[in-house]
Amino acid sequence: MARAALPGRLTWQLVSVVELVEETTRAKSLVLTQPDWPEGYRSGQHVDVRLTAEDGYQAQRSYSIGSAPEDDHLVLTVERLEDGEVSPYLVDVLRPGDELELRGPIGGYFVWEEALGGPLVLIAGGSGIVPLRSMLRHWSTTGRDVPARLIYSSRGLSEVIYREELTGYGEHDGVDVRLVLTREWPEDWQGHRGRIDRALVDEVAGPPEEQARVYICGPNAFVEAAAGWLADGGRDPSRIRTERFGPTGT
Amino acid sequence: MSPVSRGFLGRRHPVADPSRLPPGQYLETGFPVLSAGPTPHTPLDEWSFLISGEVEEPVSWPWKDFLELPAETITVDIHCVTKWSKFDTRWRGVSVDTLLEHVDSEAAYVTAWSDGGYTTNLPRDHVSDGKAWVAYEYDGEPLHPEHGGPARLLVPHLYFWKSAKWVRGLTFTVDDEPGFWENYGYHNLGDPWLEQRYQGD
């Protein structure tokens with residue numbers, strides 16, 4: 001009898017690229033066939049992607065999952081980093097029909113599911129929206145009894161990933177959606193202008209006694225500021241979960 | 001064997017000494033920050049370092065006493081499970097060997113625990129014999145809170161999640177008790193040279 005894989009063992013698998021969706025000029029969603037993951041995945045988890053050159057050279061990076069567990073396809077939304085090695089390939093070279101090697105799902109702390117309750121408060125900077133969008137999609141099919149709120153900060157309107165879907169949650173699903181534009185905005189922009197501030201974060205997170213479940217994802221300085229304000233305001237730090245990316249100076 | 005990724009050439013940054021880069025890692029020049037929650041800010045007059053658990057007599061040092069322990073300056077390469085490595089990072093701190101001179105224990109494992117609730121488990125022989133430090137300076141400056149200050153564990157031969165930020169103590173245990181990330185599917189030991197990223201690797 002063949003020996004079963006160790007429980008929880010993460011093996012490399014090949015999936016196919018079904019479709020590529022241009023989200024912004026710098027970001028694309030990679031719509032992929034579902035990997036064979038016995039227990040599926042949870043909103044907020046990520047995968048490791050591995051690329052192999054003709055001479056055997058390999059490069060690996062981690063990407064957050066943007067789809068929800070109940071979706072038909074696995075979606076990774078990737079933003080091109082100009083000096084990157086893997087992201088320019090995924091955004092500019094990959095084509096439908098190509099195969100992609102990945103393993104996962106990885107992580108288990110930065111996840112949300114209905115049993116964790118709410119209010120669900122999501123705070124995203126830039127491509128940090130990706131795992132939070134998975135949570136919102138999952139919320140929209142399983143968790144609607146829980147209030148949901150989103151702050152999403154981008155440099156300009158053209159850099160807002162999943163814009164239509166996110167504003168739709170605000171217009172049709174009762175999610176308190178706050179789009180923030182930090183560098184440029186249309187003249188008639190009704191949302192927050194400039195960087196997020198403590199007043200905005202406090203307002204959306206609600207009073208400490210509400211004990212919201214807060215998920216913050218984005219560049220480190222953004223996450224550090226938002227998480228710091230909330231922890232400082234007397235909230236239970238174990239209900240503030242963060243995921244950070246991007247190098248910082250030392 | 002992995003299949004070739006059509007059209008992938010790689011942007012191979014020349015690494016001065018490729019033999020220092022473990023498999024699957026790339027060289028980073030910044031110092032990325034990865035933390036699962038808010039950064040704790042414990043005032044130094046409330047800080048102490050405690051060795052406890054399966055020991056004859058627990059021992060603890062307040063911040064002032066900790067700074068008076070013999071310290072070492074070390075320059076090491078560090079490797080994060082999220083794929084980046086950073087060469088020649090310079091730290092100052094107290095060797096765990098120096099701390100262990102003050103306790104009697106036969107226990108084979110330790111759990112490092114931190115402000116904010118983080119834990120990570122290590123076999124005792126991976127923190128002794130010059131393999132681990134409690135570091136409070138980075139690059140000649142007090143260790144920044146984002147990087148684990150006032151003090152973090154430094155275990156450079158393992159993936160960097162073992163180098164617990166904001167460390168406050170080591171608890172000796174008879175059995176190996178998985179810590180925070182180890183409970184979420186990360187490898188129990190985390191040797192970057194064996195690419196032990198996740199359970200089963």
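Which residues touch the most other members of the largest nonpolar core? They are A:Leu122 and B:Val134, in a core of 110 residues. The model is predicted. Chain A has five helices and 12 strands. Chain B has three helices and 11 strands. The two chains touch: 35 residues of chain B are in contact with 43 residues of chain A.

**Chain A overall**

- Chain A has a radius of gyration of 18 Å, close to the 18 Å that the globule rule gives for 250 residues, so chain A is as compact as a globular protein of that length.
- Its C-alpha atoms fill a box of roughly 55 × 45 × 40 Å along the principal axes.
- Buried residues make up 46% of the 250 residues of chain A.
- Take the contacts in chain A between residues at least 6 apart in sequence: 70% of them join residues at least 24 apart.

**Domains of chain A**

- Domain 1 of chain A gives 16 residues to the contact, and domain 2 of chain A gives 14 residues.
- On the domain 1 side of that contact there are four nonpolar, eight polar and four charged residues.

**Chain B overall**

- Along chain B, from the N terminus on, the elements run β-β-β-α-β-β-α-β-β-β-β-β-β-α.
- A compact globule of 201 residues would have a radius of gyration near 17 Å, and the 18 Å of chain B agrees with that.
- The C-alpha trace of chain B spans about 60 × 35 × 30 Å along its principal axes.
- Of the 201 residues in chain B, 40% are buried.
- Among contacts in chain B with a separation of 6 or more, 64% are between residues 24 or more positions apart.

**Where the chains meet**

- The contact between the chains takes 35 residues from chain B and 43 residues from chain A.
- The chain B side that touches chain A has 13 nonpolar, 15 polar and seven charged residues.

**The largest nonpolar core**

- In soluble globular proteins, nonpolar side chains tend to be buried together.
- Here the largest nonpolar core holds 110 residues.
- Domain 1 (13-106) and domain 2 (114-245) of chain A each supply at least three residues to this core.
- Beyond its neighbours within four places in sequence, A:Leu122 is in contact with A:Leu132, A:Met135, A:Leu136, A:Leu150 and A:Tyr215.

**Strand β1 of chain A**

- Strand β1 (residues 13-22) of chain A is hardly covered: one of its 10 residues is buried.
- β1(A) pairs with strand β2 (residues 27-32) of chain A in the antiparallel sense, over five bridges.
- A hairpin of four residues joins β1(A) to β2(A).
- A:Glu22 has A:Lys28 as its bridge partner in β2(A).
- β1(A) also pairs with strand β6 (residues 99-106) of chain A, again in the antiparallel sense, over four bridges.
- A:Ser16 has A:Glu99 as its bridge partner in β6(A).

**A look at B:Thr173**

- B:Thr173 sits in strand β11 (residues 167-173) of chain B.
- B:Thr173 counts as partly exposed, because it has 17 C-beta neighbours inside 10 Å.
- Apart from neighbours within four places in sequence, B:Thr173 is in contact with B:Gly53, B:Glu54, B:Ala107, B:Tyr109, B:Val110 and B:Thr111.
- B:Asn121 is 52 residues from B:Thr173 along the chain, and their C-alpha atoms are separated by 9.4 Å.

**Backbone details**

- The peptide bond from A:Gly104 to A:Pro105 is cis, with omega near -5°.
- A:Pro105 belongs to strand β6 of chain A.
- Chain B has a cis peptide bond from B:Gly149 to B:Pro150, with omega near 15°.
- B:Pro150 lies in the loop between β9 (141-142) and β10 (152-154) of chain B.
- A:Tyr162 is not a glycine, but its phi is positive, near 60°.
- A:Tyr162 lies in the loop between β8 (148-154) and α3 (163-172) of chain A.
- A:Tyr162 is buried, because 23 other C-beta atoms lie within 10 Å.
- B:Asp129, also a residue other than glycine, has a positive phi near 60°.
- B:Asp129 is in the loop between β7 (119-123) and β8 (133-138) of chain B.
- B:Asp129 is exposed, because 10 other C-beta atoms lie within 10 Å.

Definitions and conventions. Residues are numbered from 1 along each chain as its sequence is written. Chains are lettered from A and ligands numbered from 1 in the order in which they are written. This is a predicted model: local features need pLDDT of at least 70, side-chain atom pairs count only at pLDDT 80 or more; totals for chains, interfaces and linings use all residues. Helices (H or I, at least four residues) and strands (E, at least two) are DSSP runs, numbered from the N terminus. The radius of gyration is taken over C-alpha atoms; the globule rule is 2.2 Å times the number of residues to the power 0.38. A residue is buried if 20 or more other C-beta atoms lie within 10 Å of its own, exposed if 12 or fewer, and partly exposed in between; C-beta atoms are placed from the backbone. Two residues are in contact if their C-beta atoms, placed from the backbone, lie within 7 Å. Ala, Val, Leu, Ile, Met, Phe, Trp, Tyr, Cys and Pro count as nonpolar, Asp, Glu, Lys and Arg as charged, and the others, Gly among them, as polar. A nonpolar core is a set of buried Ala, Val, Leu, Ile, Met, Phe, Trp, Tyr and Cys residues joined through C-beta atoms within 7 Å. Domain bounds come from an automatic or database domain assignment. Two strands pair if DSSP finds at least two bridges between them.
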